[in-house]
Amino acid sequence: MADFRLKAADAGQSAGLLERAKAGDLEAFDQLMRANEKQVLGTALRLMGNLEDAQDAAQEAFLRLYKSLNRLPDIQEIRPWLYRVTVNVCNDMHRARRRRGWEPLSGPELASSQPDPELAWVHQERSRLVEMALKTLPEKERSAVVLRDMQGLSTREVAGILGSSEVTVRSQICVARGKLKKFTDRYLGKHL
Amino acid sequence: MNCSDLEQQIAVESQSVDLAEHLKICERCREFAQELEQNTAALRELSIPPAVFATVRQRVISEIQVKDLRTMWWTWSAVAAAACLAILCVSYVLPRLQKPVPPAPVVAKMIPPKIEWTPQSVAQRVRHKTSGRFAAQAAPVRKTEPLAVVKMLTDDPNVIIIWLVDQKGDSL
């Protein structure tokens, strides 16, 4: 479970960082990006399904953060705010794609940590299938399962980010996990 | 409660005792739970090359700098335009608004001068004692009134055109 709270010493430094970034200090803003880039790019990559689009989505999310810095009174609000914006940006990009009737086919190349080549292949295959299965999920279910399972947020945090109730999120996650499993079973179960 | 009912509980990571007991005895449900965990692990495993992060950061900073420059350019353009407008107002419009009405030329009253003539006859010529010649009377005595003065005021208060006019109205 992700913990949005910061240690007292870090909080002081980070608050200064936020104030500097608000004043237009790009170095401070760069540090803010470094602190949140893994969550933003990781979420975007899972939601978009390819690195190029994920980079575009992350860039847009950070630009929106820069514009909205003055509306964020506390540095602890940045992380959930960024999750929300990243999910929205990715959903917007998906909708724009659907309007144009175009979806990229390439997926991310994932590095496997498995030492056994066969296991590594299965592992990589599962990752690829999960990635593909994610694309078949509806917007809300995909966002919920990525935030819950990939980012490790609690159901309450996911509900806060997506603007839904906890019950709804729990249901969405349950349905999404079931669909992911069915999708992976269809390929891995039969072929392996 | 059958396995398909419990799958839903497994999917939402239920912590119920019944489920835990069921998982101990049911291999199918254990496999189901295991596969869900594997999928979750696959979702979490994502290695993004560090260069990608750097690229995103660089792109964001560049974009911000370009936007800041654009904003600065528009600001200065607006300031320059406002300054030009102000200069135009000061140098062209305001003087026209405040232009003083030139005073009508003042013409002094022209009084024709009275000229008295004293005609002298030949008899009245005086013989000059010494030269024996007649000394003609000098030019007739002309008694004149002061000449009329015409003053013309101009736009410039320091410049006044003055001219003198005789009884005929000719300027001198």
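**Stop 1: chain B**

Bear in mind throughout that this is a predicted model. Chain B has 172 residues, and 18% of them count as buried. Among the contacts in chain B with a separation of 6 or more, 37% are between residues 24 or more positions apart.

**Stop 2: the contact between the chains**

Now show chain A and chain B together. How many residues does each chain bring to the contact? Chain A contributes 40 residues and chain B contributes 30 residues. The area buried between chain A and chain B is about 3,500 Å², and carbon and sulfur atoms give 63% of that area. On the side of chain A, select A:R126, A:R177 and A:K181: these residues lose the most area to chain B, together 17% of what that side buries.

Next, look for polar links. There are 10 residue pairs in polar contact between chain A and chain B, both residues being at pLDDT 80 or more. The helices α2 (26–48), α3 (51–68), α5 (117–136), α6 (139–150) and α8 (166–191) of chain A each supply at least two residues of the side that touches chain B. Of that side, α2(A) gives the most, with 11 residues. Sorted by class, the side of chain A that touches chain B holds 18 nonpolar, eight polar and 14 charged residues.

The count of salt bridges between chain A and chain B is three. To see one of them, select B:R59 and A:D56, whose closest N and O atoms are 2.5 Å apart.

**Stop 3**

In soluble globular proteins, nonpolar side chains tend to be buried together. Select A:F29, A:L32 and A:L65. In the largest nonpolar core, which has 65 residues, these three touch the most other members. The largest share of this core, 11 residues, is supplied by α2(A).

Centre the view on A:L32. Which residues does A:L32 contact, leaving aside its neighbours within four places in sequence? They are A:L17, A:L18, A:A21, A:L69, A:I75 and A:I78. A second, separate core has 11 residues, including B:A11, B:C26, B:C29 and B:L36.

**Stop 4: A:Q151**

Select A:Q151, which lies in the loop between α6 and α7 (155–162) of chain A. Is A:Q151 buried or exposed? A:Q151 counts as buried because its relative accessibility is 16%, and the limit for a buried residue is under 20%.

A:Q151 and A:Q39 are 112 residues apart in sequence, yet their C-alpha atoms are 7.1 Å apart in space. The side chain of A:Q151 reaches the backbone oxygen of A:Q39 at 3.2 Å. With the side chain of A:T43, the side chain of A:Q151 makes a polar contact of 2.6 Å.

**Stop 5: A:R97**

Finally, select A:R97, which is placed in helix α4 (residues 78–100) of chain A. A:R97 is buried, its relative accessible area being 7%.

Technical notes. Residues are numbered from 1 along each chain as its sequence is written. Chains are lettered from A and ligands numbered from 1 in the order in which they are written. This is a predicted model: local features need pLDDT of at least 70, side-chain atom pairs count only at pLDDT 80 or more; totals for chains, interfaces and linings use all residues. Side-chain values use heavy atoms; hydrogens and water are left out. Contact means heavy atoms within 4.5 Å. Buried area is the accessible area (1.4 Å probe) that two parts lose on being put together, summed over both. A salt bridge is a side-chain nitrogen of Lys or Arg within 4 Å of a carboxyl oxygen of Asp or Glu. A polar contact is a pair of N or O atoms within 3.5 Å; within protein, one must be able to donate a hydrogen and the other to accept it, and residues adjacent in sequence count only if both atoms are side-chain atoms. Helices (H or I, at least four residues) and strands (E, at least two) are DSSP runs, numbered from the N terminus. Ala, Val, Leu, Ile, Met, Phe, Trp, Tyr, Cys and Pro count as nonpolar, Asp, Glu, Lys and Arg as charged, and the others, Gly among them, as polar. A nonpolar core is a set of buried Ala, Val, Leu, Ile, Met, Phe, Trp, Tyr and Cys residues joined through side-chain atoms within 4.5 Å. Buried means under 20% relative accessible area, exposed over 50%, partly exposed in between (1.4 Å probe, protein chains only).
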